[in-house]
Amino acid sequence: MAIRQLSETLINQIAAGEVIERPASAAKELIENALDAGATRIEIATSGGGKALLRVSDNGSGMDAADLELAVRRHCTSKISETLEDIRTLGFRGEALPSIGSVARLSIASRRRDSAGGHEIAVAGGKIAHIRPAAANPGTIVEVRDLFFATPARLKFLKTEKAEAGAITEIVKRMAIAFPAVRFVLSGSDRTTLEFPATGDDHLARMAQVLGKEFRDNAIALDAVREEISLTGFAGVPTFNRGNSAHQYAFVNGRPVQDKLILSAIRGAYAETIPSGRHPVAVLSITLDPALVDVNVHPAKSDVRFRDPGLVRGLIVGAIREALARDGSRAATTGASDMLRSFRPGFQPQAQRPQAPWSAETSPFRPHQPATGLSERPQASFDGLSMPTARAEPQFSPQPAAPEATARYPLGAARAQIHANYIVAQTEDGLVIVDQHAAHERLVFEAMRKALHSKRLASQVLLIPEIIDIPEEDCDRLMQHAAELSELGLAIERFGPGAIAVRETPAMLGEVDAHGLIRQLADEIAEWDTASGLSAKLEYVAATMACHGSVRSGRRLRPEEMNALLREMEVTPGSGQCNHGRPTYIELKLSDIERLFGRS
């Protein structure tokens with residue numbers, strides 16, 4: 001069969017299959033063109049999820065007749081010249097408009113600011129009409145109707161109108177976050193009007209518009225530089241999390257991207273601080289020399305390739321972890337809001353089944369080792385904590401506390417222990433409720449993590465070794481990492497084909513349920529063991545050990561122990577959540593409490 005040149009229309013339709021996958025793809029390309037044209041106001045209108053109508057209007061620099069004629073032809077662009085090494089615009093391929101015109105009915109009306117009149121051009125199924133004069137305001141209006149009418153097979157792969165409209169909304173949100181100085185309006189017969197007024201240089205105000213006002217109260221600023229790469233943005237505190245990763249936004253040189261490397265770095269930075277199945281909220285902006293990143297990886301331009309991916313990942317993980325250590329220990333404000341809602345008259349919990357009274361034995365978050373209550377000896381790991389200087393009154397004492405006792409400390413002074421699990425502390429302007437097990441679990445984990453980077457953890461030799469029977473394959477896995485476990489103070493030996501002897505346990509854990517700990521470690525190693533060994537997972541193992549050696553739910557604490565726990569939380573990074581990502585405390589301001597009683 002002879003080789004022949006494809007027609008221009010067919011070439012454009014092939015390109016459209018890569019560039020324009022759905023209405024949201026077309027919206028993205030048109031909004032990028034408007035931003036590259038210097039627009040400060042962009043209005044998007046849709047109908048039928050963008051399939052029937054997609055109109056993008058802007059007040060940018062506009063185009064004259066000559067520009068319009070070239071704009072609808074492939075590989076015609078004003079954004080690059082001879083090289084791809086210095087791309088500083090969102091668009092650069094020159095394929096979007098001809099691709100859209102090849103599969104839809106496209107019309108473009110535009111006028112330059114210094115021109116007396118505008119011009120209009122139309123393309124339908126790849127056929128270009130003659131340019132004609134048109135009345136137009138300065139800027140450009142691009143209208144796309146009947147998307148994919150020329151390639152009807154593509155319509156079968158589109159989702160419902162509601163889903164396609166939602167995808168366009170996500171595109172607009174990402175663009176709005178990237179360009180806070182631009183006003184965006186999204187409207188149409190298939191949606192409620194969405195407007196993002198310009199916020200100038202106040203990026204956090206724009207993020208609050210898109211992510212909700214709660215993000216402003218639960219965000220930590222990021223500002224880090226490593227070599228020639230800078231990272232700015234905001235990361236949510238760990239307890240301010242969501243059920244999916246849709247609230248993670250990343251930008252490279254102002255370009256919205258959905259890069260796997262960046263998303264993986266975010267997950268790594270929040271490791272051991274977010275519950276399983278939950279995702280952090282973050283907005284990251286990476287700025288670097290355009291020559292150090294390749295944006296020409298995919299026609300959609302949503303993926304990028306960094307020249308030094310390890311440097312970028314290290315910058316993201318380091319910056320977020322440093323920010324969390326500095327300011328991430330506070331609890332999310334949503335915890336107090338949820339608590340206040342539960343106190344309001346008429347509140348109905350989501351669960352419809354009758355709830356049994358709370359107890360340490362039946363709690364779904366109870367530790368693996370059963371609580372021993374009053375018979376349990378004082379917790380060994382409290383020995384190293386500083387003694388409290390705040391006055392601690394007897395439980396439920398009517399005697400008022402000295403003002404200076406609560407004013408000096410962020411978490412206040414302990415006033416009571418409720419249900420042998422929750423510490424109630426009085427602060428200068430409210431109260432704090434602390435989950436004693438979750439809080440102490442975090443303190444133990446941070447102490448173990450700190451010791452990991454300095455020396456082998458101190459261990460205590462068991463008078464009689466604990467012999468644990470487990471499957472032979474689990475024994476093999478554990479013994480492969482015996483040296484690494486020893487660094488954590490856990491000394492184990494093989495005791496026959498299907499048993500492990502535990503001879504030493506970490507001293508800071510006090511009494512440890514060795515059987516439960518060994519079995520859980522064996523299960524976890526079987527799940528994520530890799531050829532690189534356990535060294536990369538030592539912090540995860542430390543978190544597991546911390547859970548087995550922390551203050552038990554159901555154990556009564558002395559006032560000095562409760563205050564020592566509060567003081568240690570105030571100086572420990574990440575103490576606002578336990579190793580599983582659950583909040584360790586909830587703070588209620590006095591003004592919130594007064595509202596509950598109708599006093600404000």
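What follows is a walk through some strands, helices, cores and salt bridges in this predicted model.

## A strand with two partners

Let's start with strand S2, which covers residues 53-58. With 5 of its 6 residues buried, S2 is largely enclosed by the rest of the structure.

S2 pairs with strand S1 (residues 41-47) in the antiparallel sense, over 6 bridges.

## Two helices to look inside

Next up is helix H4, residues 96-103. Here 8 of the 8 residues are buried, so H4 is largely enclosed by the rest of the structure. Among them are Leu97, Pro98, Ile100 and Val103.

Now hop over to alanine 265, which belongs to helix H8 (residues 260-269). Is alanine 265 buried or exposed? Its relative accessibility is 0%, so alanine 265 counts as buried. Setting aside residues up to four places away in sequence, alanine 265 touches Arg313, Ile316 and Val317. Arginine 313 is 48 residues from alanine 265 along the chain, yet their C-alpha atoms are 5.5 Å apart.

In soluble globular proteins, nonpolar side chains tend to be buried together. In this model, the largest nonpolar core has 89 residues, and Ile42, Phe184, Phe215 and Ile262 touch the most other members. Helix H9 (residues 309-327) gives the most to this core, with 9 residues. Another core lies apart from it, made of 17 residues, including Ile470, Ala482, Leu485 and Leu521.

What does isoleucine 42 touch, leaving aside its neighbours within four places in sequence? Its contacts include Ile31, Ala34 and Leu35, along with Val56, Ser57 and Asp58, and also Val182, Arg183, Phe184 and Val185.

## Charged pairs

Side chains of opposite charge can pair when their charged atoms come close. This structure holds 20 salt bridges. One of them joins arginine 22 and glutamate 164, at 3.0 Å from N to O. Arginine 22 lies in the loop between helix H1 (8-19) and helix H2 (23-36), while glutamate 164 is in helix H5 (residues 161-178), so the pair ties together parts that are 142 residues apart in sequence. How exposed are the two ends? Arginine 22 counts as partly exposed, at 24% relative accessibility, whereas glutamate 164 is buried, with a relative accessible area of 1%.

Aspartate 476 and arginine 494 also meet in a salt bridge, at 2.9 Å from N to O. This pair links distant parts of the chain, with aspartate 476 in helix H13 (residues 472-480) and arginine 494 in strand S23 (residues 491-494), 18 residues apart. Aspartate 476 is partly exposed at 32% relative accessibility, and arginine 494 is partly exposed at 32% too.

There's also a salt bridge between glutamate 587 and lysine 589, with the closest N and O atoms 2.9 Å apart. Glutamate 587 is partly exposed at 27% relative accessibility, and lysine 589 is partly exposed with a relative accessible area of 32%. Last stop: Arg41, Glu43, Arg183 and Glu195 are linked in a network of salt bridges.

Methods
Residues numbered from 1 in each chain as written. Predicted model: local features only at pLDDT ≥ 70, side-chain atom pairs only at ≥ 80, totals over all residues. Heavy atoms only, no water. Buried < 20%, exposed > 50% of the residue type's maximum accessible area, 1.4 Å probe, protein only. Helix = DSSP H or I, 4+ residues; strand = E, 2+ residues; numbered from the N terminus. Pairing = 2+ DSSP bridges. Contact = heavy atoms within 4.5 Å. Core = buried A, V, L, I, M, F, W, Y, C linked by side-chain atoms within 4.5 Å. Salt bridge = Lys/Arg side-chain N within 4 Å of Asp/Glu carboxyl O.
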